[in-house]
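Grab a pencil and keep the viewer open.

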Amino acid sequence: MKASEVKKRLKNYPDWTVNAATTQIAKTYSFPSFVAGLAFVAKIAVHAEILGHHPDVELSYGKVKVRLSTHDAKGLTPLDFELAERIDSIAP
């Protein structure tokens, strides 16, 4: 995707950020505990498997950081935004 299209689409995804090269979007979610964050990661995994598109996930106490990019395309594709939408829909 071109940088202009990424920035246009990103307007529909609150709190998601794009890296300088516009090859990855990311968002950090907060949770009251490690276990709550882990449960969220498990829910993300279900959607990732359905789409056949797997994010980079970083889990720490009270936080889950999700990074999306389509590695085969070496950048962002509509699939990244579809998974971002699904992730936002399951977030508490």
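Helices (H or I, at least four residues) and strands (E, at least two) are DSSP runs, numbered from the N terminus. This is a predicted model, where local features need pLDDT of at least 70, side-chain atom pairs count only at pLDDT 80 or more, and totals for chains, interfaces and linings use all residues. Residues are numbered from 1 along each chain as its sequence is written, and side-chain values use heavy atoms, with hydrogens and water left out.

**Exercise 1.** Work out where T22 is found, and whether T22 is buried or exposed.

*Solution.* Start with the place: T22 sits in the loop between β1 (17-18) and β2 (25-30). Next, check the cut-offs: buried means under 20% relative accessible area, exposed over 50%, partly exposed in between (1.4 Å probe, protein chains only). T22 has a relative accessible area of 13%, so T22 is buried.

**Exercise 2.** Find out how many aromatic pairs there are, then look into Y13 and F81.

*Solution.* First, the rule: rings of Phe, Tyr and Trp (its six-membered ring) pair if their centres lie within 6.5 Å; planes under 30 degrees apart count as stacked, over 60 as edge-to-face and the rest as tilted. That gives four aromatic pairs. In one of them, Y13 and F81 are 5.4 Å apart centre to centre with 55° between the planes, making the pair tilted. Y13 lies in the loop between α1 (3-10) and β1, and F81 in helix α3 (residues 78-90), so the pair ties together parts 68 residues apart in sequence.
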